[in-house]
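I opened the notebook to log what I looked up, chain by chain.

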Amino acid sequence: MAERAGAGLEVRLSQAGPISLDVDLACAAGEVLALVGPSGSGKSTVLRCIAGVLRAKSGRIAVGGRTWFDSAGGVSLTPRERSVGFVFQNYALFPHMSAQANVEAALGHVAAPERAGRARALLDRVNLKGLESRRPAELSGGQQQRVAVARALARDPRALLLDEPFSAVDRSTRQILYRELATLRRDLAMPVVLVTHDLDEAAMLADRMCILHRGRTLQTAPPHEILARPANSLVARLVDMKNVFRGKVAGHDAAAGITLLEGLGQRLEGPLDERFAVGAEVQWAIPGSHIILHRRDRPSRGERENPVRGAIADFLPLGENVSTVIRVEATGESLRVTFPLHVARRNGLEAGAEVVVSLLRDGIHLMAN
Amino acid sequence: MDWIALTLSLKLAAWTMLALLPVGIVLGRWLAWNRFAWKPVAEGVLALPLVLPPTVLGYYLLVSMGAGSPVGQWFQSAFGRTLVFSFEGLLVASVVFNLPFAIQPMQRAFESIPQDVRDAAACCGLTRWQTLARIELPLAWPGILSGMVMTFAHTLGEFGVVLMVGGSIPGETRTVAIAIYDSVQAFDNAAAGVMSAVLLGLSLVAMAVVYATGARRAGRRG
């Protein structure tokens, strides 16, 4: 049903104010790109600029080879000329119209006699059969979101823009809507940009993730790569990596595939990373998934890698897990690690307990200082 | 009961309402969605009729529409009679002193339409006129209706400005509010009582309509 876009979406935007922007992103046809950042980072502003309801001071936006906005060439198409599907955070449904009429409102490009049928088919596609005559106020949050998605798709848009589409529904509905979007997107041939502040949501739904901070795009890569290998310590902080430290490159061993690092008051081994010269001051990070506890009952294979000794300075049970802060013996720096509650119990973890953890070599990631 | 005065009042109220319908929609919509440095001044000027004594407003209108004024002279040369002390003059004055009654409810109504809903209309491919006709006016309708009803009721009841600008010419400028005053002056309390009761009834119906549309709007949004 969707018009096949030849190529993806390319966006370059810059302005000093009122909201500063320095954006460079691309989203291929059929790809879902998550635009992730804290509130106030300019995510919605970027989306609105793509839709054309806001205009950046300078930049260029093109979709499928067609230029929507080009400040240098004096091009700025209206939202109507751009043909975008936009799902707003609070859906922005027309409150005085039925679900059917909301969708039909976006079918102006279709011959009048066909609109009703098309709208019904779209509502059916988002699992709203039978609710066509309801007004938004008579629909649940999840149903309203589905109407908004159907309305956005009704235009046969060249790009689909989703602005925090899951933030206004409860948790269980959100899980259902995630599945629906994941199913729906298989058939979508246009670039899809999903704005969210939820990393898990982005990792679940997006092919690539673009980190935005104060209007600036910092890094674009597949979610697992950003979560494991942030480009710098700011990205690391934004993707909620808790263990970021300063260190110094002590040497490279290309044959063994390792880089030696001075950190946490000892020598650590990480994967070979020759971007940094020996002696260079760096920042390094390790995801919580790569920190393992030395168990009292039986040693495991990973324990030879980078053992670090410390004492538990904070022990906070949170549901099924325990959030701990381990004060490193040598330097007093803090390692933040979350363990399953049963692991903590079996190993006698408590505030003040002495522990040894291993920082798995593959998880160590160096970043420019 | 002065039927001529009542008819004149209803005619004046209806024409004022019709004249202010497009004015209120255009100005109310513009004030709702635009921000500019002198907006408080513009809003203040448009709200002046709410606080100015009717005699003061009437005085300025009389001066600005009188035979010595450019407006008055233009009217005289175009239609061969004076603007003041005529129904047309009364209508102009009525439109001016009703500006806030028409504009403010309409402005509030347009303000209550979320920016996202208007953006959504643009993203749906609706033109400006389609957005106005299919989205904005239906959503602002209760406010537009209450602005019109308020204008109608307020025109029926206006006394000071009418007296200043129109005088009390039967069939031309003698509205029912003036007729009530004249009746009391002439010790005709029975006529004054009947006309007062009619005005009271009409005003009550008008206010009930205003609150009913407000309540329906609140119900729909709730």
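**Entry 1: chain B.** I started with the contacts in chain B between residues at least 6 apart in sequence; 75% of them join residues at least 24 apart. The model is predicted, and I kept that in mind throughout. Next I looked up the secondary structure: chain B has 11 helices and 0 strands. Reading along the sequence, I wrote down the pattern α-α-α-α-α-α-α-α-α-α-α for chain B. I then looked up the extent. The C-alpha trace of chain B spans about 65 × 40 × 30 Å along its principal axes. How many of the residues of chain B count as buried? I found 38% of the 222.

**Entry 2: where the chains meet.** I turned to the contact between chain A and chain B. Chain A brings 19 residues to it and chain B brings 16 residues. On the side of chain A, α2 (79-82) and β7 (84-87) each supply at least two residues. I sorted that side of chain A by class and got 12 nonpolar, 4 polar and 3 charged residues.

**Entry 3: confidence in chain A.** I checked pLDDT before going further. The mean for chain A is 90, and 96% of its residues reach 70 or more.

**Entry 4: helix α1 of chain A.** Is this helix mostly covered or mostly open? Mostly covered: in α1 (residues 43-51) of chain A, 8 of the 9 residues are buried. I listed the buried ones as A:K43, A:T45, A:V46, A:L47, A:R48, A:C49, A:I50 and A:A51. After α1(A) comes A:G52, and I noted its positive phi, near 95°.

**Entry 5: domains of chain A.** The domain assignment gives domain 1 (9-238) and domain 2 (244-368) of chain A. Taken over C-alpha atoms, their centres are 39 Å apart. I looked up the contact between them: 8 residues come from domain 1 of chain A and 7 residues from domain 2 of chain A. On the domain 1 side, α8 (223-228) and α9 (233-238) of chain A each supply at least two residues. α9(A) gives the most to that side, with 3 residues. By class, I logged 4 nonpolar, 2 polar and 2 charged residues on the side of domain 1 that touches domain 2 of chain A.

Note on methods
Residues numbered from 1 in each chain as written. Chains lettered and ligands numbered in written order. Predicted model: local features only at pLDDT ≥ 70, side-chain atom pairs only at ≥ 80, totals over all residues. Contact = placed C-beta atoms within 7 Å. Helix = DSSP H or I, 4+ residues; strand = E, 2+ residues; numbered from the N terminus. Nonpolar A, V, L, I, M, F, W, Y, C, P; charged D, E, K, R; others polar. pLDDT = per-residue confidence, 0-100. Buried ≥ 20, exposed ≤ 12 C-beta atoms within 10 Å, placed from the backbone. Domains from an automatic or database assignment.
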